[in-house]
Amino acid sequence: MGFIAHGSLELREEGQILIAEIGGPWNNELIDQYRERMTEHVPALAMRGAWGLVIEIYGTASCPPNAVESIRAGVREHAEKWNRISTAYVIAPNVAGYRILDSVWQGIYEGI
């Protein structure tokens with residue numbers, strides 16, 4: 001039996017920008033939920049042309065290390081298959097762990 005998703009997730013579209021509000025800390029199950037919910041938006045965005053993603057992180061900016069590879073796989077798929085051309089992360093200084101994850105995010109996008 002798996003775990004329940006920890007954290008919170010809201011997705012909304014504003015034109016060709018998909019905005020994800022994620023409250024942490026989160027676990028692998030929330031990342032799985034995120035990827036599943038993205039499939040509700042990504043094909044339609046890609047059919048209309050290039051699109052971008054803004055990720056706003058609240059609470060705690062932390063996730064398990066094995067979730068990072070899952071995130072990277074999703075980024076690669078979106079870039080190669082679904083016309084995603086940009087990503088921005090919004091992490092306020094009051095978010096626990098915001099400085100630690102800078103190098104993690106860089107590693108996720110390196111080479112993509």
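Does tryptophan 105 count as buried or exposed, and at what relative accessibility?

1. In this predicted model, tryptophan 105 counts as buried, at 9% relative accessibility, because the cut-off for buried is under 20% relative accessible area. Tyrosine 89 has a relative accessible area of 23% and is partly exposed.

2. Two aromatic pairs turn up in a search of the whole structure. In one of them, the ring centres of tyrosine 89 and tryptophan 105 are 4.2 Å apart and the planes stand at 20°, so this pair is stacked. Tyrosine 89 belongs to strand β4 and tryptophan 105 to helix α4 (residues 101–109), so the contact ties together parts 16 residues apart in sequence.

3. Tyrosine 89 also forms an edge-to-face pair with tyrosine 109, with 5.9 Å from centre to centre and 70° between the planes. Since tyrosine 109 lies in helix α4 and tyrosine 89 in strand β4, the pair ties together parts that are 20 residues apart in sequence. Tyr89, Trp105 and Tyr109 make up one aromatic cluster.

4. Strand β4 is part of an open, four-stranded sheet with mixed pairing and the order β1-β2-β3-β4. From one strand to the next, the twist averages 15°.

5. β1 and β2 run antiparallel and are joined by seven bridges; arginine 12 has isoleucine 19 in β2 as its bridge partner. Their hairpin has two residues between the strands, and glycine 15 takes a positive phi near 65° there.

6. β2 (residues 17–24) and β3 (residues 51–59) pair in the parallel sense over eight bridges. Helix α1 (residues 28–38) packs on the sheet and touches β1, β2 and β3; the helix direction makes about 20° with that of β1.

Methods. Residues are numbered from 1 along each chain as its sequence is written. This is a predicted model: local features need pLDDT of at least 70, side-chain atom pairs count only at pLDDT 80 or more; totals for chains, interfaces and linings use all residues. Side-chain values use heavy atoms; hydrogens and water are left out. Two strands pair if DSSP finds at least two bridges between them. Axes are lines fitted to C-alpha atoms, for helices over the stretch in contact, and angles run from 0 to 180 degrees between N-to-C directions. Contact means heavy atoms within 4.5 Å. Rings of Phe, Tyr and Trp (its six-membered ring) pair if their centres lie within 6.5 Å; planes under 30 degrees apart count as stacked, over 60 as edge-to-face and the rest as tilted. Buried means under 20% relative accessible area, exposed over 50%, partly exposed in between (1.4 Å probe, protein chains only).
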